[in-house]
Amino acid sequence: MTNEIKHQNAQIEDINIFYRESGPADAPAILLLHGFPTSSHMFRHLIPLLSEKYHVIAPDLPGFGFSSALAHDQYEYSFDGFSLLLEKLLDGLNIDGFYIYLMDYGAPTGFRIAARHPERIKGLIIQNGNAYDEGLADFWNPIKEYWNDPANEEKREALRWLTSFDATKWQYTHGVERVELVSPDTYTFDQSFLDRPGNQEIQLDLFLNYGTNPALYPKWQEYFRKDQPPTLIVWGKGDEIFPASGAYPYLRDLPNAEFHLFEDAGHFALETHLHQIAGLMIAFMDKNN
């Protein structure tokens with residue numbers, strides 16, 4: 001069956017990348033990139049809906065899910081590093097052109113790939129993933145303080161609560177109108193990985209490294225303006241981490257983008273609006289093949 005999900009592993013240098021793969025190998029490919037604090041698990045229900053017609057690849061970033069989670073003093077966790085690893089994964093799978101779904105941490109990872117290789121990108125699907133200063137609102141203030149004073153242990157410790165169960169649950173439920181649609185499996189599963197010994201330090205390192213992204217926003221925006229990749233924007237309006245103030249600026253540089261703002265969805269919009277988003281994605285990719 002084409003929509004069976006295979007659970008695969010690829011050894012790239014010293015890192016094992018776990019990924020979910022489904023769909024015909026000769027079909028157009030789509031790379032699904034997850035955010036914090038989740039993994040490819042966030043796509044568990046989306047993958048079967050896409051894989052009847054598309055070759056779906058959904059990796060776990062290092063430090064997340066079932067990919068390697070080496071101690072933070074043994075591996076440099078960075079969005080630059082993530083993007084290079086994923087390029088090697090795609091090359092190993094002989095995937096050249098592909099669509100890319102960018103969410104949360106997946107956005108700065110995927111935009112690095114797209115800006116380096118615009119010729120490989122068949123289209124962007126952006127879901128609560130930021131590329132504009134307007135999208136870094138009040139939630140980011142204590143994180144920005146850490147960026148500005150990285151040697152300050154108090155600034156680092158002030159962010160540790162973001163790896164707690166309450167914070168993980170909040171990410172899934174905040175801004176969601178129908179919370180009963182959010183399965184507790186989601187935040188419980190994610191927390192089980194966050195609670196692994198040493199994983200909090202990995203995440204704190206990544207909070208710091210996220211500070212490398214705003215300096216690249218102009219480069220990514222130049223890519224949008226110059227290459228005009230086909231773009232679908234699907235955004236949960238209730239998200240406080242990446243609010244809608246970060247969604248609208250895309251239209252300045254991508255005036256032909258298809259834009260959908262879900263009033264009653266939050267950060268993890270797939271949990272409450274799976275079929276609406278999947279339908280939009282399939283129609284978008286069908287149109288642009």
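## Salt bridges between helices and loops

Asp80 and Arg112 form a salt bridge in which the closest N and O atoms are 2.5 Å apart, a salt bridge being a side-chain nitrogen of Lys or Arg within 4 Å of a carboxyl oxygen of Asp or Glu. Because Asp80 lies in helix H2 and Arg112 in helix H3, the pair ties together parts that are 32 residues apart in sequence; helices (H or I, at least four residues) and strands (E, at least two) are DSSP runs, numbered from the N terminus. Asp80 counts as partly exposed at 42% relative accessibility, whereas Arg112 is buried, with a relative accessible area of 3%. Here buried means under 20% relative accessible area, exposed over 50%, and partly exposed in between (1.4 Å probe, protein chains only).

This is a predicted model, in which local features need pLDDT of at least 70 and side-chain atom pairs count only at pLDDT 80 or more, while totals for chains, interfaces and linings use all residues. Residues are numbered from 1 along each chain as its sequence is written, and side-chain values use heavy atoms, with hydrogens and water left out.

## Further charged pairs

A search of the whole structure finds 17 salt bridges, and one of them joins Lys88 to Glu13, with the closest N and O atoms 2.2 Å apart. This pair links distant parts of the chain, since Lys88 is in helix H2 and Glu13 in the loop between strand S1 (6-12) and strand S2 (15-22), 75 residues apart. Lys88 counts as partly exposed at 41% relative accessibility, and Glu13 counts as exposed at 55%.

Glu201 forms a salt bridge with Arg160, and their closest N and O atoms are 2.8 Å apart. Glu201 lies in helix H8 and Arg160 in the loop between helix H5 (153-157) and helix H6 (165-173), so the pair ties together parts that are 41 residues apart in sequence. At 22% relative accessibility, Glu201 counts as partly exposed. Salt bridges that share partners join Glu201 and Arg160 with Arg156, Glu157 and Asp205 into one network.

Strand S5 (residues 98-102) is mostly covered, with five of its five residues buried. In a regular strand the side chains alternate between the two faces of the sheet. Both faces of S5 are covered, Phe98, Ile100 and Leu102 being buried on one side and Tyr99 and Tyr101 on the other.

S5 pairs in the parallel sense with strand S3 (residues 29-33) over five bridges, and it also pairs in the parallel sense with strand S6 (residues 121-126) over five bridges; two strands pair if DSSP finds at least two bridges between them. Tyr101 of S5 is the bridge partner of Leu32, and Tyr101 also stands opposite Ile125 in S6.

## Aromatic pairs

A search of the whole structure finds 35 aromatic pairs. Among them, Tyr75 and Tyr77 form an edge-to-face pair, 4.7 Å centre to centre with 85° between the planes. Rings of Phe, Tyr and Trp (its six-membered ring) pair if their centres lie within 6.5 Å, and planes under 30 degrees apart count as stacked, over 60 as edge-to-face and the rest as tilted. Tyr75 counts as buried at 16% relative accessibility, and Tyr77 is buried with a relative accessible area of 4%.

The rings of Phe79 and Tyr210 have their centres 5.5 Å apart and their planes at 90°, so this pair is edge-to-face. Both Phe79 and Tyr210 are buried.
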